[in-house]
2 protein chains.
Amino acid sequence: MKATILSVGTELLFGQVTNTNTVYLSQQLNLLGIDVMYHSTVGDNPERLADMMKRAFEDCDLVLTTGGLGPTQDDLTKEIACDVMGDELRPHKESAERMKIYFDKLGREMTENNWKQTLFPTRAHVFPNDMGTAPGFALADEKGKIVICMPGPPREMVHMFETYVSPYLEEKTEAAIYYRMLRCFGIGESKLETELLDLIDGQTDPTLATYAKDGECCVRVASKRRTKGEARRAVDEMTEKVKARVGTYIYSYDDENLADVVVRKLKEQNVSIACAESCTGGWFAKTLTDLPGVSSVFDRGIVTYSNRAKVEELGVSQETLDAHGAVSRETAVEMAQGLKQKTGCRMCLSVTGIAGPDGGTEEKPVGLIYFCAILDELMICRKSEMRRMGRAWNRNYAVLNMLDMANELLGK
Amino acid sequence: MKATILSVGTELLFGQVTNTNTVYLSQQLNLLGIDVMYHSTVGDNPERLADMMKRAFEDCDLVLTTGGLGPTQDDLTKEIACDVMGDELRPHKESAERMKIYFDKLGREMTENNWKQTLFPTRAHVFPNDMGTAPGFALADEKGKIVICMPGPPREMVHMFETYVSPYLEEKTEAAIYYRMLRCFGIGESKLETELLDLIDGQTDPTLATYAKDGECCVRVASKRRTKGEARRAVDEMTEKVKARVGTYIYSYDDENLADVVVRKLKEQNVSIACAESCTGGWFAKTLTDLPGVSSVFDRGIVTYSNRAKVEELGVSQETLDAHGAVSRETAVEMAQGLKQKTGCRMCLSVTGIAGPDGGTEEKPVGLIYFCAILDELMICRKSEMRRMGRAWNRNYAVLNMLDMANELLGK
């Protein structure tokens, strides 16, 4: 099945909004085994929209639209789709009822415009909108071409796709899809690919694909079989093979991110945590506190950006700073030990390094970073040397290293 | 002039990459007075790419492509564009020389593939790539249709557009464009729009437009005249009118972001800074240290997430915590005062609040945040109550408030 993703909205053509819907839908359609041939964007203009939709059906069997389902006069996607597919709009009873309930709850009157949102093509398969007022729908013509129209706001669209559209498409593609996203840290994408090369090249199902992003790597294991059970078994078997080869780098078999994994384990094991940051400048603490409810384990963070702060806050000795410099294994160790002594937290992490772009020397280049992590009586140290990456990358990579060390101490 | 933005790359159709180029180019073309009619994305497939380009020229005078200029066999944008515009490829001397110098610097041998990158259509206007190996170019046909091809990596594309493509297009559009982006904090977009409504509606040049993003607002003042000088004068005059109405909220007349403004002033006035964060959990410190070279003014940050940390690190009194709670004006003041006493930094900021989604009460709801900022003998306090926004939004908004208070103390 070949598809075009068609985004509707003048605001996109003005560059006022980044089109994240297209990325999401591309990923999801590829997972369903549907080939995405084109992305197109058009403004709120009925002729151009109709023209785009007809053109898309020249090459494709499936067109997914986002946007233009709202209550205003500009919103014409439904009308155009209905027209292109040779159908007509009629009141849709269930949608009208849902809409009434929605407005009753809000205690607001429905306007004439909102009634417009309860009209649908007679052959339409309507998808409810659990997050807003504009339902979506699928509409097929006699040749089997399908248009699927969804609302533009990403929150509404993603929920509708996951809950209603994806199952609808699975049925159409007559295949059950199952996949797992294995997330890795500490291995580069090319090495990961090399380790798995025969598994990637050697077979058509399950398929393996690797991705790299911001210092991390993923392996997607996907299978398309007659039943979900079969697909799942195939994916699980292949996952075991991948685990046997690169399992030490895998921190999640379920697409969890590293901070979530670490905070979950801290809570499960009732381990309190504190951090002492130099080059990451609070990014590690920010990453932990992005997660709601982390206050049950996270006690405090100290951002010791100056040397004076390292001495005063963490008891790093001036002798160590003089002899080894602020960016050294010795300083990282004293930072973590000082933090442990001060806070009594069971887990204490430290980081000190040169994020760049300035401040590097021949001996200590930009990208050199030292880490120390303590859990009770255990201590591990790490050194990272990534040249030629930028300041933001280096700092993010340092945060990931700290999380990875915490994960190692908590038991992978 | 009507334009299509055409993105080339199979990775986009897989959803492996978010297409930020299109947003950037849409904004820039609109600023140049060029109407963006369509966005299209196509994979690395020569027939479909040629087809897309021809179709785009049916409606548009200008097609901008990104991607597909690299050295590999997949990269065919140049060849297709040349073909569609009825030209042929020839070696381009300057590009060949630049390429040789580039590889000499790296100490690497040029491959046959790289030579491919120095061939250009005979009528092409070549744009050097100062950030990578693939130059871009503009190519017009006899009917005046123009294709502009640029590399895909955003860093390379943006630099090329700003430096070479934008001046090229300004000449073609026979208009001089000048604009300013005024950045505001502390006023909502609807209030901002109301204050400026007659200026927005009343005239065609200069144009005023407001934007809102993540707790901030912008006003774009743009003019298109016969000369840059005229356009600039018109923009400056209008800027004065805007300033007279909403000047107290404007922190930059040149699209600087708030952290940059604050750090610039800290450096100019030689003011040292430290911060004590509760609900923002290190985000403020991270925001400052995102900027290279901030170590000359930023001393340290203390993330006191637990009450114990507030007492131990900042000397907040247990009585204050018991009487007023951790989220209170009193606690915010003691946090900032304690930090000042401890560090001696001239500027000390504090924040404590309820970021959500949990932890709110009737009396102290999610979104309630207290701030304190001290500069030498001056102190200001602030309270923010934003209901119904999410955790990330609340935390980001708190960081912006801290920056805004610092800016106020340093002199707007």
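This passage describes the interface between two chains and selected elements within them. The structure is a predicted model, in which local features need pLDDT of at least 70, side-chain atom pairs count only at pLDDT 80 or more, and totals for chains, interfaces and linings use all residues. Residues are numbered from 1 along each chain as its sequence is written, chains are lettered from A and ligands numbered from 1 in the order in which they are written, and side-chain values use heavy atoms, with hydrogens and water left out.

The interface comes first. Contact (heavy atoms within 4.5 Å) links 55 residues of chain A with 55 residues of chain B. The size of an interface is often given as the accessible area lost when the parts come together. Here the buried area (accessible area, 1.4 Å probe, lost by two parts on being put together, summed over both) is about 4,600 Å². Carbon and sulfur atoms give 50% of that area. In chain A, the most area is lost to chain B by Leu13(A), Arg55(A) and Tyr305(A), which together account for 12% of what that side buries.

Twelve salt bridges (a side-chain nitrogen of Lys or Arg within 4 Å of a carboxyl oxygen of Asp or Glu) cross between chain A and chain B. One of them joins Arg55(B) to Glu58(A), with the closest N and O atoms 2.5 Å apart.

Strands also meet across the interface. Strands here are DSSP runs of E with at least two residues, and helices are runs of H or I with at least four, numbered from the N terminus. Strands pair if DSSP finds at least two bridges between them. Strand β14 (residues 298-304) of chain A runs antiparallel to β14 (residues 298-304) of chain B, over five bridges. Within this pairing, Arg300(A) stands opposite Thr304(B).

β15(A) pairs in the parallel sense with β13 (residues 273-277) over five bridges. It runs antiparallel to β16 (residues 368-375), with seven bridges. Met347(A) stands opposite Ile273(A) and also opposite Leu375(A) in β16(A).
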